[in-house]
Structures are given as C-alpha cells and as structure tokens.
Amino acid sequence: MTAIAQAAPATHIPSPVEPLPHQLLTALGQHRIATTGQLHALLRPHARRQTVNTPLNELRRQGLIDSTVLPRSRGTRAWYLTGDGARIVKDFPALRGRPPYPITSATAASLKTPHTLTVLRTHLAFVADARRRGDEHGFLDWTPEVSHPLGDGDKVITDALMHYTLTDPGQRTKLRAFVEVDRTTMSSERLASKLIDYARLWSYEPQPVGRQRSRQPVQAGPGWLRWYPVYPRTLFVLTSGSRQVLDHRIRDLQAMTAQHPLVATMARTVPMGAAVLEDIEEQGPTGEVWTPLNNGQPRSWTEL
C-alpha cells in the first residue's frame with residue numbers, strides 16, 4: 001500500500017511593512033499632529049491622495065483619531081490621536097517609552113498646531129532629500145520633543161532629534177542632530193541662549209547619589225554618552241520672518257557661539273549650523289544653505 005504524503009500546512013509569514021492604518025496611527029503618535037498633505041508626503045508620496053484620505057476617515061469613525069480645520073487654510077485638516085488612539089499606540093513597538101500626549105479637543109489641537117506642523121514641515125524636507133539621494137531617513141527617524149537632564153532638576157528639550165544615515169557607495173555614515181525650529185515667536189537673545197543649554201548638556205557629568213549598591217564602577221564621562229556615541233550636531237531652522245530678520249538671528253547665534261566660553265569650547269568639536277526653512281525646502285538640506293555658527297561659508301548640514 002502506497003503511503004500518501006500529506007502536504008505541510010502553509011505557514012503565514014507576516015509582512016515587514018505595516019498596513020497603512022497602522023502607519024498613520026504610528027506617525028500621529030510620533031509627530032503629535034499632521035495635516036492630510038503631510039501624512040501623504042510622509043507615508044505615500046507617490047500614491048493618490050485618496051489612498052491616505054480613506055483610512056484617515058475610517059480611523060476617525062472608529063474614534064481613534066480626530067481633526068481640526070486650520071484657520072485661513074481653505075479647509076486643511078490637521079489630524080491627532082484621541083485618548084483611545086493614544087492608549088492603543090503606546091504599546092506599538094516603535095513607540096514604546098514615548099509619552100502618548102493625547103489631545104483632548106480641537107481647541108487644544110489648535111494651540112499646538114503652528115509650531116508642531118512647522119517642525120514636521122522641517123522633517124519632510126529631510127525625508128524628501130533622503131529619498132532623492134537614496135539615504136535612510138524615515139518617519140520614525142525624527143522624534144519631536146526629546147528631553148535630557150542637566151542636573152538639579154533642569155533639562156533641555158529639543159524640538160526634534162534626528163537620525164540620518166548617509167549611504168555613499170561602499171560606506172554608511174550614521175548622523176544625529178538636535179533640531180531647533182524657530183518661528184520668530186521669541187526674542188533673538190532667548191533663541192541664542194538655547195546654545196548655552198546644549199553646551200551644558202555637552203559638558204554635564206552626572207554625579208552618583210548616595211551609597212553605591214553595586215560594586216560596578218560608575219561610568220565616567222558626560223551624561224549624553226548614555227544615549228549617543230557622538231554628541232549630535234546642533235541645527236537651528238528659522239522661518240516666519242523677513243530675510244533681514246532671519247539673518248540677524250543667525251548672526252546672534254554666531255555671536256553667542258563666539259562669546260560664551262562653554263559654547264565656544266563645544267563648537268570646536270560639535271558641528272553647529274543655522275538655515276532658513278524656505279531655503280532648505282527649495283535647495284534641499286544637503287544644499288549649501290547652512291551657515292556654520294563658528295563662522296565659515298554656507299555648506300551642507302552634513303559638512304558642518
């Protein structure tokens with residue numbers, strides 16, 4: 001009697017690419033607020049707009065996201081997670097440890113919208129440039145509102161932490177940057193003083209508190225080594241002002257770099273630069289649009 005071999009059951013292999021609704025929830029968990037156009041450019045730039053509109057409306061029907069109409073925008077919607085949506089995404093692997101910050105109303109959303117959307121607009125310029133060049137920089141490589149302790153209860157909160165991988169032939173270079181986005185809503189002096197906070201983080205060495213419970217030696221060195229192998233570049237992106245106003249603010253950043261002893265010391269080893277957002281969007285972040293804060297000719301942010 002001939003035995004009949006039984007076919008092995010087919011094994012389901014999950015796709016490495018998350019479905020679009022999952023990506024939309026993840027993007028809103030990461031970036032807080034985004035317009036339909038920004039989500040389209042971020043996740044499906046070569047697809048029809050309806051590809052993003054349909055799942056957004058379905059997620060709203062499910063009560064996971066909501067939207068607010070931007071003023072003077074001809075109906076442009078900005079989307080954000082509801083409380084239910086925030087509770088779901090906090091367990092997504094890509095967002096573990098990331099505070100959900102649910103937005104409770106359209107009014108609350110409108111208060112955060114101008115700055116948050118400008119920070120995301122900056123990110124989109126880097127995303128588009130990376131796609132054009134073949135570099136690696138996706139929607140999870142830009143983390144808004146990252147906080148670092150400075151001791152004594154102080155901390156520095158950067159508008160965004162960027163991860164970017166240059167993929168030149170035969171070589172991969174991983175870059176990181178703290179990004180400050182300025183819409184000219186604060187004084188130029190206050191903007192420039194942010195350099196002092198970054199210099200404090202660069203030099204800050206945590207001190208052990210109380211009796212050590214472990215015999216393991218305390219790692220010496222600055223606290224930022226806990227998160228980064230190299231201190232991130234520091235980039236200032238300016239917008240919402242005349243060219244003269246923005247040029248003056250860049251010069252004030254340069255003056256702080258030259259005059260403050262700790263900032264000047266940091267500038268010897270940490271690349272720092274400033275650029276106008278509209279120039280970044282027009283020429284790309286790797287264009288010669290960045291002014292080094294320790295003086296020099298405009299260049300790419302990768303060459304600071």
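Predicted model: local features only at pLDDT ≥ 70, side-chain atom pairs only at ≥ 80, totals over all residues.
## Helix H1

Helix H1 covers residues 20-31 and has 12 residues. From its first C-alpha to its last, H1 reaches 16 Å, close to the 16 Å expected at 1.5 Å a residue.

H1 is mostly covered, with 10 of its 12 residues buried. Among the buried residues are Leu 20, at one end of the residue range, and the run from Gln 23 and Leu 24 through Leu 25, Thr 26, Ala 27, Leu 28, Gly 29 and Gln 30 to His 31. Arg 32 follows H1, and its phi is positive, near 75°.

## The open sheet

An open sheet is formed by six strands in the order S4-S5-S6-S7-S8-S9, with mixed pairing. S4 and strand S9 (291-292) are the edge strands, and each pairs on one side only.

Within this sheet, strand S6 (residues 171-182) and strand S7 (residues 233-238) run parallel and are joined by six bridges. Ala 177 has Arg 233 in S7 as its bridge partner.

## The largest pocket

The largest pocket holds about 390 Å³ of space. It is lined by 22 residues, and those closest to its centre are Pro 144, Glu 145, Val 146, Ile 157 and Thr 158.

Helix H5 (106-133), strand S4 (142-151) and strand S5 (154-168) each supply at least two residues of this lining. H5 gives the largest share, six residues. By type, the lining residues divide into nine nonpolar, six polar and seven charged.

Terms used
Residues numbered from 1 in each chain as written. Heavy atoms only, no water. Helix = DSSP H or I, 4+ residues; strand = E, 2+ residues; numbered from the N terminus. Expected span 1.5 Å × (residues − 1). Buried < 20%, exposed > 50% of the residue type's maximum accessible area, 1.4 Å probe, protein only. 1 Å grid on protein atoms, 1.4 Å probe; cavity = no way out; pocket = protein on both sides within 12 Å on 5 of 7 lines; lining within 4 Å. Points joined across faces, edges and corners; volume = space filled by probe spheres on them. Nonpolar A, V, L, I, M, F, W, Y, C, P; charged D, E, K, R; others polar. Pairing = 2+ DSSP bridges.
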